[in-house]
Amino acid sequence: MPHISLAAEIVTRIAGFPISNALITTWLVMGLLTVISYLATRNMKLIPTAGQSIAEMLVGGLHDFFATVTGKYVDQVFPLVASLFLFILTANWVGLLPGVGTVGLFREVYGVEEFTPLLRGATADLNTTLALALFTMVAIQYYGFKTSGVHYGKRFFNIGNPIYFFLGVLELVSELSKVVSFAFRLFGNIFAGEVLLAVMAFLMPFIVPLPFLMMELFVGFIQALVFSMLTAVFLSVAVAHGEHEKHMAEGGEIHG
Amino acid sequence: MTGLTVAIGGAMPALAIGLLTSKAMEAIGRNPEAAGEVRTSMILGVAFAEAIAIYALVAGLIIKFV
């Protein structure tokens with residue numbers, strides 16, 4: 001059987017901090033995205049060059065798409081969700097490149113000769129996806145509090161009415177479970193894809209893995225889309241909820 | 001046990017996704033102008049249903065590899 005490890009392998013340590021192979025890939029993806037966006041926006045012209053028009057098409061298309069999901073809140077949430085989409089998409093696709101997960105070194109760990117890949121798909125490590133999920137969760141609460149201050153807190157702590165109180169407890173639990181579901185969805189899909197590809201390449205090295213590779217490209221795209229779309233929906237729900245509470249507290253009437 | 005984990009955890013979400021998609025296709029057939037909105041909500045619902053299958057898969061992978 002091929003070598004499969006659920007946890008990311010530790011490649012080296014810098015001042016006591018373990019540097020795993022998934023972390024190295026994350027840094028490479030970040031660097032790649034930074035360089036590409038710098039090159040695409042370095043000297044923008046009214047009549048765009050090829051690179052600039054591709055970047056404009058990408059950002060414009062994303063903006064139009066998120067506008068259909070979030071409606072009037074699109075300009076507030078767009079920078080966050082578009083960055084999430086681009087990062088996750090690149091990370092998923094970089095994990096499929098040849099050499100990622102296969103180039104590495106043999107080392108002795110606890111007296112056993114073990115293979116340690118130098119690179120590993122960034123989102124095939126639970127740490128990366130959990131970090132993304134926690135960050136998203138904090139961002140959702142931040143946007144909620146930013147638009148309407150304390151009124152947003154009524155979503156979780158409302159003692160005016162026993163029903164609202166228990167509803168608040170439920171909301172709190174559902175916010176926490178979103179972190180788990182975000183992290184496990186992305187990690188599960190991408191890691192399962194890597195295991196599938198490894199097993200297929202082991203059983204039949206030629207031709208057969210190709211359709212699965214195509215499917216993994218598709219899955220990587222869909223998961224990036226789902227992650228950013230769910231973030232966009234939760235963000236717009238948080239913002240809209242806060243605005244509604246604020247409106248009610250100021251003695252406004254319900255309309256729309 | 002690993003096989004059963006994924007078998008049961010995969011069958012139910014598969015049923016849910018099938019139901020969701022068939023209803024969404026029906027809705028698009030009845031009202032083709034709303035195709036975009038129906039598709040967006042369908043993908044959201046499918047993502048939630050699929051998450052359950054992925055939990056089962058992660059549990060199966062943990063049983064197998066840890």
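User: Which helix of chain A contains both A:Glu175 and A:Lys178?

Analyst: A:Glu175 and A:Lys178 are three residues apart, about one turn of their helix; helices (H or I, at least four residues) and strands (E, at least two) are DSSP runs numbered from the N terminus. This is a predicted model, in which local features need pLDDT of at least 70 and side-chain atom pairs count only at pLDDT 80 or more, while totals for chains, interfaces and linings use all residues. Residues are numbered from 1 along each chain as its sequence is written, chains are lettered from A and ligands numbered from 1 in the order in which they are written, and side-chain values use heavy atoms, with hydrogens and water left out. The helix in question is H5 (residues 162-203) of chain A.

User: How far apart are the closest N and O atoms of A:Glu175 and A:Lys178?

Analyst: Both residues are buried, that is, under 20% relative accessible area with a 1.4 Å probe and protein chains only (over 50% is exposed, in between is partly exposed). They form a salt bridge, defined as a side-chain nitrogen of Lys or Arg within 4 Å of a carboxyl oxygen of Asp or Glu. The closest N and O atoms lie at 2.8 Å.

User: Which residue forms a salt bridge with A:Glu9?

Analyst: A:Glu9 lies in the segment before strand S1 (10-14) of chain A, and its partner, 111 residues away, in the loop between strand S4 (112-117) and helix H4 (126-148). With closest N and O atoms 3.8 Å apart, the partner is A:Arg120.

User: What is the relative accessible area of B:Glu26?

Analyst: B:Glu26 forms a salt bridge with B:Lys23, their closest N and O atoms being 4.0 Å apart. The two residues are separated by about one helical turn because they are three residues apart in helix H1 (residues 2-30) of chain B. B:Lys23 is exposed at 53%, whereas B:Glu26 is partly exposed at 40%.

User: How many salt bridges are counted between chain B and chain A?

Analyst: In the interface, 15 residues of chain B contact 19 of chain A (heavy atoms within 4.5 Å). The two chains bury about 1500 Å², 83% of it on carbon and sulfur atoms; this is the accessible area (1.4 Å probe) that two parts lose on being put together, summed over both. In chain B, B:Leu44, B:Tyr55 and B:Phe65 lose the most area to chain A, together 29% of what that side buries. The number of salt bridges between the chains is zero.
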